[in-house]
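The sequence and structure come next.

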Amino acid sequence: MNKKKNTRENSKNSPLVPERQQIMDFLQSCGKPRTRQHITDALGVIDKDARRALGRRLMAMTQEGQLVCNRRGGYGLIVKMDLFRGRVIGHPDGYGFLVPDEGGGDLFLSAREMRSLLHGDRALVRLVGIDRRGRREGALVEVLDRANHRVVGRLYQEGNISFVVPDNRRIHQDILIPPEHLNGAVRGQFVITELITQPEKHMRPVGRITEIIGDHLQAGMAVDIAIRAHELPYDWPEEVLSECKQFRTDSNGQDFHSREDLRALPLVTIDGEDARDFDDAVYCEKQDQGWRLLVAIADVSHYVLPGSALDTEAALRGTSIYFPQRVIPMLPEILSNELCSLKPDVERLCLVCELHINRKGKAKHFRFFEGVIRSAARLTYTEVASILIEKKATTRKKYRTLIPCLEDLYTLFTVLQARRRRHGLIDFSSVETRLEFDEKGRIADIRPLARNDAHRMIEEFMLAANVAAGEYLQASKLSILYRIHDTPKQEKLDDVRAFLGELGLVLSGSEEPTAMDYAHLVETVQKRDDAHLIETILLRSMPLAVYSPDNAGHFGLGFPVYTHFTSPIRRYPDLLVHRAIRYLIRAKPGKSYPYDKEAMHLLGEHCSMTERRAEDASRDAIQRLKCEFMQDRVGETFNGTISSVTSFGIFVELDGVYVEGLVHITALPADYYHFDPVGHRLRGERTAKLFRLANRVRVVVTRVDLDDRKIDFELAEKA
């Protein structure tokens with residue numbers, strides 16, 4: 001490396017280059033925009049390379065929406081200029097909203113402002129006033145980041161004009177396709193379009209077709225469309241495949257040295273029947289003052305090293321994504337289904353959480369260590385329930401050597417769950433479903449998924465290990481990702497309390513209710529006919545859980561500190577937690593921890609995004625499959641439950657098939673209906689007819705729209 005290059009690199013990190021916060025503090029104190037020269041002089045930046053580095057930093061802060069540069073070259077704080085940066089949420093009707101990063105309410109974007117934007121873009125918007133509906137209205141200042149580079153949709157042709165209608169209806173603009181960029185696609189096909197030109201004020205987006213997914217109504221396309229519509233990474237880069245060549249399917253005995261040997265203990269994995277990756281194994285033994293619980297988690301961090309191609313791809317994916325009949329894994333199969341899968345009768349490397357739990361279910365102390373195990377059995381939830389709850393002789397005979405450990409596990413589970421109930425276990429009743437397919441890849445049946453105490457037992461042990469990991473790392477002061485679940489917002493609580501007041505119920509806890517307050521109310525209403533309604537309202541009052549380097553506790557679980565440690569095969573935050581624990585276990589002098597808080601902040605935002613993206617993609621695929629399933633049922637009548645109430649109608653979930661559709665307000669008995677968002681109901685002005693969340697109704701399937709993934713119902717009996 002030559003001296004000049006070395007000087008340039010050092011200048012980037014030179015203390016003479018002001019940090020972002022210093023720049024923002026200076027502009028805050030000025031009270032007005034300042035030019036680059038003003039900033040340079042005021043902050044004492046003298047070195048030529050440092051001045052260039054400051055220029056790059058100002059440019060980056062502008063691109064990221066921390067600053068804005070006006071026409072005179074003055075840099076100012078967006079908060080001082082009535083400017084807001086955030087994510088654009090598009091609406092199919094052409095208008096949209098900006099959701100500000102700093103919160104404080106959305107800004108309405110008219111169809112005119114949305115001409116230059118697409119759903120998901122990041123933008124800088126100026127507050128221009130309040131519209132006639134009382135909404136804050138914004139005007140586009142600058143597009144900060146484009147979210148859509150590839151778009152999935154159907155190809156249409158009208159005369160000589162070809163265009164793709166995006167599958168995501170929130171992307172409201174059609175994409176023009178020049179003839180030379182059709183690449184063999186024909187009308188009606190689902191295609192992937194790469195955007196050549198993003199939308200501008202007077203020009204629609206233009207693209208080229210890069211892939212033909214298939215013909216309309218072709219079986220098995222639902223997952224392919226969802227993967228591409230949400231831009232999910234699904235192919236492994238060559239660098240990742242090259243790194244995987246170093247791995248064998250069995251563990252290397254040389255790696256066992258310096259690890260605690262647990263191969264003699266009968267640890268077992270307990271998962272669903274169709275599970276392929278087994279990342280946790282458990283063992284329990286009764287002791288004089290309680291129990292010793294071992295939760296062994298596959299040591300993914302031993303194989304996936306920071307900065308490697310595997311690590312880069314795992315971070316990009318963020319999580320494994322589960323579709324019906326298909327999985328997009330976070331890690332290649334050589335790791336997820338082999339080396340890091342705790343299969344029975346093979347040696348596997350693990351990171352182990354050892355907890356000593358007293359008779360009241362409190363973890364008195366815990367420790368983490370690197371170990372090697374040999375799983376004694378791969379058990380299913382059904383088998384464990386058969387052994388411990390149903391006491392079936394045949395199953396107990398098959399696993400007779402494991403029964404003492406399994407019974408200790410079950411006894412400990414009952415103690416742990418009892419303790420959590422005393423401290424505020426919110427036990428919402430919910431129904432998960434399982435899709436069953438025919439040989440053509442279409443849904444043959446939709447069945448409720450039965451949960452038993454075997455599921456709850458493993459969940460309880462994973463929770464205990466996650467809490468221990470959070471407490472261990474919090475004490476270390478390392479920057480990690482916590483799994484946080486904030487308390488409900490005040491406006492949500494006000495609506496909940498107003499709704500409960502009509503029913504003669506009270507949510508205790510004053511301004512800041514706890515999980516125990518929620519749990520007490522859920523338990524109180526269990527025998528009421530409207531229990532499901534009340535549970536639904538309470539559940540919807542809660543925010544989403546996210547990943548953050550700032551611990552804020554987990555409201556829903558009632559834990560003051562919580563992180564994700566138990567699934568590093570399928571969740572990147574868990575892998576980061578493993579790296580932090582390994583760093584503390586090994587504690588080599590002079591070896592620095594590879595992450596600071598800013599890095600964790602960015603990783604937390606990214607992993608929260610990939611989690612939501614995975615859920616959205618899976619939901620889209622399932623909804624398309626359900627629409628295919630209901631096509632042959634148009635005209636049939638079903639009983640159902642109102643699952644949502646809006647100003648334009650009611651959504652109904654059908655009994656038995658667990659499919660949701662809309663009864664539009666025009667399909668209700670003739671009347672003028674008024675929407676009550678607090679009471680979650682529509683009330684007829686003339687008839688006083690009431691349609692409320694969780695009410696039972698009988699409906700007829702009238703229409704199924706595969707393109708829009710919508711199912712329409714009408715009431716079976718209308719006045």
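Helices (H or I, at least four residues) and strands (E, at least two) are DSSP runs, numbered from the N terminus. The model is a predicted one.

**Backbone angles**

With that numbering, Asn183 is found in the loop that runs between β11 (175-177) and β12 (190-197). Asn183 is not a glycine, yet its phi is positive, at about 50 degrees. Most residues other than glycine have a negative phi. Lys477 also carries a positive phi without being a glycine, here of about 70 degrees. Its place is the loop between α12 (453-476) and β25 (482-484). Is Lys477 buried or exposed? Lys477 counts as exposed because its relative accessibility is 72%, and exposed means over 50%.

**Cysteines**

How many disulfides does the structure hold? The count is zero. Cys284 is in no disulfide, and the nearest cysteine sulfur, that of Cys405, is 6.5 Å away. A disulfide needs two cysteine sulfur atoms within 2.5 Å. For Cys353, the closest cysteine sulfur belongs to Cys350 and is 13 Å away, which means that it is too far for a bond.

| Cysteine | Closest cysteine sulfur | Distance |
|---|---|---|
| Cys284 | Cys405 | 6.5 Å |
| Cys353 | Cys350 | 13 Å |

The cut-off for buried is under 20% relative accessible area.

Technical notes: Residues numbered from 1 in each chain as written. Predicted model: local features only at pLDDT ≥ 70, side-chain atom pairs only at ≥ 80, totals over all residues. Heavy atoms only, no water. Buried < 20%, exposed > 50% of the residue type's maximum accessible area, 1.4 Å probe, protein only.
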